[in-house]
Amino acid sequence: MPDDARRTPQLALYYRDEMAPPDVADNYSKSPTKPRRFIEFLRQTLVWPHIALHADFAIATREDLALAHEARYVAGFLAGAKPHAEANGLAWSEDRRIYAAFWSRPDAA
């Protein structure tokens, strides 16, 4: 393998800071923070120089979310309405609303 091939990132990761909400002590689930935690972990490893981090991708629309969830759930989650907005041990907060807004463009609301 040529030397320059070893220096070229070989793993593409797609991540934006908006994808992961800040840590909230009263949240049972830490799942929403996993993308950020994974990037933080990788930055401390020998793998990091081989990663190409991309932030140039479109955000998911309400319709995109509806491909994986019932429309009622998507609407409730994005509106901050119980029970959808606090499912899976996640307490709703304004920070979480900002996080949710990342996944649904204003023109899709």
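**Assignments and their grounds**

Author: Val74 is found in helix α4. The model is a predicted one, and the values below are computed from it.

Reader: What makes Val74 buried or exposed?

Author: The relative accessible area of Val74 is 4%. Buried means under 20%, so Val74 is buried.

Reader: Which residues does Val74 touch, beyond those up to four places away in sequence?

Author: Val74 touches Arg62, Leu65, Ala66 and His69. For each of these, heavy atoms lie within 4.5 Å, which is what contact means. A separate distance concerns Asp64, ten residues from Val74 along the chain: their C-alpha atoms are 10.0 Å apart.

Reader: Which residues of α4 are buried?

Author: They are Val74, Gly76, Phe77 and Leu78. For Phe77 the relative accessibility is 13%; with the limit at 20%, Phe77 therefore counts as buried. Tyr73, at 24% relative accessibility, counts as partly exposed, because that class lies between the 20% and 50% limits.

Reader: What parts of the chain does the pair of Tyr14 and Phe57 link?

Author: The pair links distant parts of the chain: Tyr14 is in strand β1 (residues 11–14), and Phe57 is in the loop between β2 (51–54) and α3 (62–66), 43 residues apart. Tyr14 has a relative accessible area of 49%; exposed means over 50%, so Tyr14 is partly exposed.

Reader: How do you know that Arg16 lies over the face of Phe57?

Author: Arg16 is at 5.0 Å from the ring centre of Phe57. The distance limit is 6 Å, with a further condition of 35 degrees from the ring normal. Arg16 is listed as lying over the face of Phe57.

Reader: What backbone oxygens does the side chain of Arg16 reach?

Author: The side chain of Arg16 reaches the backbone oxygen of Ala55 at 3.0 Å and that of Phe57 at 2.4 Å. Arg16 itself is found in the loop between β1 and α2.

Reader: What makes Arg36 and Glu40 a salt bridge?

Author: Their side chains meet at 3.4 Å, N to O. A salt bridge needs this distance to be within 4 Å, so Arg36 and Glu40 form one. The two residues are four apart in helix α2 (residues 34–43), about one helical turn. Arg36 is buried, with a relative accessible area of 17%, whereas Glu40 counts as partly exposed at 36%.

Reader: How many salt bridges are there by this rule?

Author: The count comes to two. The side chains of Glu70 and Arg72 also meet in a salt bridge, at 2.9 Å, N to O. Glu70 and Arg72 are both exposed.

Reader: Why is the peptide bond that joins Lys82 and Pro83 called cis?

Author: Omega is about 0° for the bond that joins Lys82 and Pro83, and the bond is cis. Most peptide bonds are trans. Pro83 lies in the loop between α4 and α5 (94–102). Gly80, which follows α4, has a positive phi, near 80°.

Reader: What pattern does the protein chain follow along the sequence?

Author: The pattern is α-β-α-β-α-α-α, with five helices and two strands. Buried residues make up 28% of the 109 residues in the protein chain.

Conventions: Residues numbered from 1 in each chain as written. Predicted model: local features only at pLDDT ≥ 70, side-chain atom pairs only at ≥ 80, totals over all residues. Heavy atoms only, no water. Buried < 20%, exposed > 50% of the residue type's maximum accessible area, 1.4 Å probe, protein only. Polar contact = N/O pair within 3.5 Å; in protein donor to acceptor, adjacent residues only side chain to side chain.
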